[in-house]
Amino acid sequence: MTAFARPQQNLPRHLLARLADGALWLAALLHVMLAACLLVALVFVAEADATEVECGGANVLTALAKFDPTKLAALEAEAAAIPNSKGIFWKIEKDGVAPSWLLGTMHVTDPRVLALPTEAPAAFEAASTVIVESDEIIDEKKSAAAILMRPDLTMLPDNKTIADFLKPDDREQLETGLKARGIPLTLVSRMKPWMIASFVALPACEMSRKAAGASFLDKKIAEDAVSQGKTLKGLETLVEQLAAMDSLPTELHLRALIETLALGKTIDDVFATMTDLYLAGDTGMIMPMMKAVSDKSAEDFGYADFEQRIIVDRNKTMATRAEPILKDGGAFMAVGALHLPGKEGLVELLRAQGFTVTRAN
């Protein structure tokens, strides 16, 4: 039995150790970074197999409750200590203007996620302005052009390919993982490791839905806003998002790619767990779950740098750029859910700007 065995077959400690080592920041990346998910839809959907693939995966916390309830209780206590750790839908108020709303999203096409919290559809209908991470997602040609204009952010330099960095076994795993998602290795061989890792880390069911033309949640919100004649505004450009990811060391990206390949089908468990937590509104539990086992793996793996560049720094940018829009009231703001909790999360940052922010669901 290998260390990568699924939790039904092995103690969850082994699974969580692997998650903490390899897919820790990568799973978070796909949760918080719109550009990574958009790249899949833009660049590879034409190559992907549109045959419907059933989603699988088991919630690792269910296994943890059975095998190590003490560890689970510790994780729950850690999550509970994070400010604003529960809730994906928030009301933003300021005297003299109509209320605005903040929705934490997951950048996926899962129908359960697309359904939105109970109170959100009415709030969306009433809003005159819709705010998303990047309004470029509404125009696929514009998005593709923006990405292709900066090959330095997405492509390996000096005509290198990913094969120059991988051992034969890792290359074989990569080729197999991509093939399962309908993507030939030759198509991505010159891309930077973090981009390739993003595609391997995305469950095959998500790839198949995108290949069939499904919009992920943020894109659907933006599309609905435009179709209903609302004002659509973005807080970042896709190039800014790509630059944030590219600012992290290549060695970190490469290690994440190799460790993600080692996860194999276990990545389905990662997404099943994240999705369950998201739907339950337990966003503060996501990262403690991912960092659970090893006291030093997350630190050694460079997670602090990832968290600072990809989450915290971007939180501050989003809050600054959202403030003048929210001051007018009547806005519906939708950004990745991992941007909401924490002392430096969007909920606290908006409160520091003088808004009253309360959980709506």
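This report walks through a few residues and the nonpolar cores of a predicted model.

## Ground rules

Because the model is predicted, local features need pLDDT of at least 70 and side-chain atom pairs count only at pLDDT 80 or more, while totals for chains, interfaces and linings use all residues. Residues are numbered from 1 along each chain as its sequence is written, and side-chain values use heavy atoms, with hydrogens and water left out.

## The nonpolar cores

Let's start inside. A nonpolar core here is a set of buried Ala, Val, Leu, Ile, Met, Phe, Trp, Tyr and Cys residues joined through side-chain atoms within 4.5 Å. Buried means under 20% relative accessible area, exposed means over 50%, and partly exposed is in between (1.4 Å probe, protein chains only). The largest core has 80 residues, and L61, L174, I221 and F332 touch the most other members. Helix α11 gives the most to this core, with seven residues. Helices (H or I, at least four residues) and strands (E, at least two) are DSSP runs, numbered from the N terminus.

In soluble globular proteins, nonpolar side chains tend to be buried together.

## F332 and T129

Setting aside residues up to four places away in sequence, F332 touches residues including F89, W101, L103, F124, T129 and I221. Contact means heavy atoms within 4.5 Å.

T129 is buried, because its relative accessible area is 13%. Beyond its neighbours within four places in sequence, T129 is in contact with T231, K233, I325, G330, A331 and F332.

## A buried lysine

Where does K192 sit? K192 is found in the loop between α10 (185–188) and α11 (193–201). With a relative accessible area of 13%, K192 counts as buried.

Which residues does K192 touch, not counting those up to four places away in sequence? They are D152, L153, T154, M155, L156 and D246. K192 and D152 are 40 residues apart in sequence, with 9.4 Å between their C-alpha atoms.

## Two exposed loop residues

Finally, turn to the loop between α8 (151–154) and α9 (168–180), where D158 is placed. N159 lies in the loop between α8 and α9 too. Are they buried or exposed? D158 is exposed because its relative accessible area is 67%, and N159 counts as exposed at 63% relative accessibility.

Their backbones are worth a look as well. D158 has a positive phi, near 60 degrees, in a residue other than glycine. N159 has a positive phi of about 60 degrees, although N159 is not a glycine.
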